[in-house]
Amino acid sequence: MTPLIILYNPWSTPSPKKPLPMSLLALAAMLEGEFDYEIVDANLLPDPVAHILALAQLRPLLAVGFTVMPGPQLNHAVPDAQRLKTALPGVPIIWGGYFPSAHADVALKEDYVDYCIHSQGEQTFLELARVLAYGGALSGLAGLIYKDNGRVKHNPHRALIPLDKLPLWPYHKLPMPHYLHRHYLGNRVGAHHSSYGCPFACNFCAVVGMVNQRWLPESAERAAGVVLRQKAAYGIDAVQFHDMDFFVSEPRAAEFAERLKGQGLAWWALGRVDELMRYSDATWDKLKASGLKMVFSGAESGSDEALARMNKGGQVTVNATLELAKRLRRYDIVPEFSFVLGNPPNPLDDIAATISFIRRLKAINPATEVILYMYTPVPADGTLYDEARALGFHFPDTLADWVSGDWRSFSLRRDPHTPWLDPQLKRSVRDFERVLNAYYPTVTDRRLTGLKRAVLRGLAGWRYHAQVYGYPLELRAFHKLFQYQRPETTGF
Ligand code: B12
Ligand code: SF4
């Protein structure tokens, strides 16, 4: 009997909106026709490990490939891998994705992780599957990190493969209706990832270590084709692009928009402030006509000096962000800006500058959505990480530490227990956020009626104007009563 490969998505979110496991679809596409495989999504199953063990009763398993990002997914990947290894000691466990790409040495210390794969995993995973199935040497497998006589060996990184050379994703292997969401954009919102990586090198961003400033786009033709395929097969009326940067190439974005025009689809994607400001009005007209409803950008900070220290690069400045908010207001496209607050060495000033900048942004375009994150280091070269280390920061040495205590919240980037952030400061950010979200309720919350919005604004108005954010107990109570949401995010 031919052995089966399991592609496993450990639980990643409590949200009822289940994310399409695109990382696994990308790997699955490579296995089609050569290996039998199943995609097991823990977000959809009460006991996914029991499900895998039941499959193992029916036929031998060749390997289990885990996709692992830091945060809740890592917290589940660890006990799930332990349980699988105990039950099936002979089945190799392979980790890929953001966490093992950055922390393979820590993962491979454990006996329940056999192999890690760095960055873009399609070809490396296929080649490793062939070695496991038919034999062969591991030493020549670019992108692989493995144990060799008790030591962790890092093979050279694999050259990135252009996406148009990789096969289309086999949606038929997943229960696709579970992954279509009701959202601000539409009633059946699909998902896609049309480019890999990003050409920049911000020193707080995990993407840099994955791709080393490369950006590999699908052609506009292919990206539009995928969206139209989802529309024909699953009836999507909107799509969210999860690319780190959809808009690097203006001709690609313009052509994509032309291809989508008249299809009745709304869409959302991420792009850098400077790129979006560089686009001509003619391109913006096309984007608008194609159904672009919302654009997410990392504004990061309210201070140009902090942007420089983050190595944001290009022409991302606070003025450019204000200009973009203005421009998008003209097009009636909602700007969504994320900020990384609390940077060392002077988090207090950093936070104050950003809060006052957010107030300016809202005055220019009240529809602007604001997402606040706290700075958490990533292993990278650069000012921020060096300063973080100088202030006593270091990553855990074991997976057990990664999934315990303070580190559980570190990866969520909402309340990281970093040495330079005192609890009072963190609370002041959360208080500001509560007042801001009440005074400017998010446009993405479809449950929030006109009356509730008016009550919320009325309640929060005096605080916002007088800049008295501390202890907004009345807003907390209102929130409990009506459960209004923070601005819609997608995991960034
Ligand atoms: C979708 C998504 C989610 C989904 C979960 C998806 C899932 N699998 O269930 C949700 C929305 C739940 C999520 C949550 C979070 N996410 Co998230 N998420 C993403 C996002 C947007 C897309 C991932 C994706 O599918 N990419 C498309 C695929 C094709 O690419 P890929 O994942 O890189 O996969 C390739 C390789 O990595 C590799 N690979 C991946 N898995 C595997 C497995 C094996 C076996 C092998 C061999 C290879 C391999 O091969 C793949 C094909 O080339 C990424 C950003 C991005 N664009 O990648 C952030 C990202 C991964 N998320 C991130 C973070 C931090 C989070 C959070 C933990 C924190 C936060 N506040 O956002 C939260 C957790 C919150 C919560 N309550 O759960 C960070 C990770 C940063 C880091 N330090 O590593 C990213 C990079 C965003 C960012 N720019 O910061 N996320
Ligand atoms: S933060 Fe955005 S622009 Fe900067 S490296 Fe990461 S993906 Fe690229």
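**Salt bridges, domains and a ligand shell**

Author: Start with E127 and R158: their side chains form a salt bridge, 3.0 Å from N to O. Keep in mind that this is a predicted model.

Reader: Where do E127 and R158 lie?

Author: E127 is in helix α5, residues 122-134. R158 is in the loop between β7 (151-154) and β8 (181-183). The pair therefore ties together parts that are 31 residues apart in sequence.

Reader: And how many salt bridges does the structure hold?

Author: The structure holds 17.

Reader: Switching to domains. What does the assignment give?

Author: Domain 1 covers 4-154 and domain 2 covers 180-367. Taken over C-alpha atoms, their centres are separated by 31 Å.

Reader: How many residues are in contact between domain 1 and domain 2?

Author: On the domain 1 side, 11 residues; on the domain 2 side, 13. About 910 Å² is buried between the two domains. Carbon and sulfur atoms give 68% of that area.

Reader: Which residues of domain 1 lose the most area to domain 2?

Author: K17, M22 and Y98. Together they account for 55% of what the domain 1 side buries.

Reader: What about polar contact across that interface, how many residue pairs?

Author: Five residue pairs, both partners at pLDDT 80 or more. The salt bridge count between domain 1 and domain 2 is zero.

Reader: Which classes make up the side of domain 1 that touches domain 2?

Author: Four residues there are nonpolar, five are polar and two are charged.

Reader: New topic, ligand 2. Which residues are around it?

Author: C198, F200, C202, F204, C205, V208, M244, R272 and K312.

Reader: And how does the shell around ligand 2 divide by class?

Author: Seven residues of the shell are nonpolar and two are charged.

How values were computed. Residues are numbered from 1 along each chain as its sequence is written. Chains are lettered from A and ligands numbered from 1 in the order in which they are written. This is a predicted model: local features need pLDDT of at least 70, side-chain atom pairs count only at pLDDT 80 or more; totals for chains, interfaces and linings use all residues. Side-chain values use heavy atoms; hydrogens and water are left out. Domain bounds come from an automatic or database domain assignment. Contact means heavy atoms within 4.5 Å. Buried area is the accessible area (1.4 Å probe) that two parts lose on being put together, summed over both. A salt bridge is a side-chain nitrogen of Lys or Arg within 4 Å of a carboxyl oxygen of Asp or Glu. A polar contact is a pair of N or O atoms within 3.5 Å; within protein, one must be able to donate a hydrogen and the other to accept it, and residues adjacent in sequence count only if both atoms are side-chain atoms. Ala, Val, Leu, Ile, Met, Phe, Trp, Tyr, Cys and Pro count as nonpolar, Asp, Glu, Lys and Arg as charged, and the others, Gly among them, as polar. A residue is near a molecule or strand if one of its heavy atoms lies within 4 Å of it. Helices (H or I, at least four residues) and strands (E, at least two) are DSSP runs, numbered from the N terminus.
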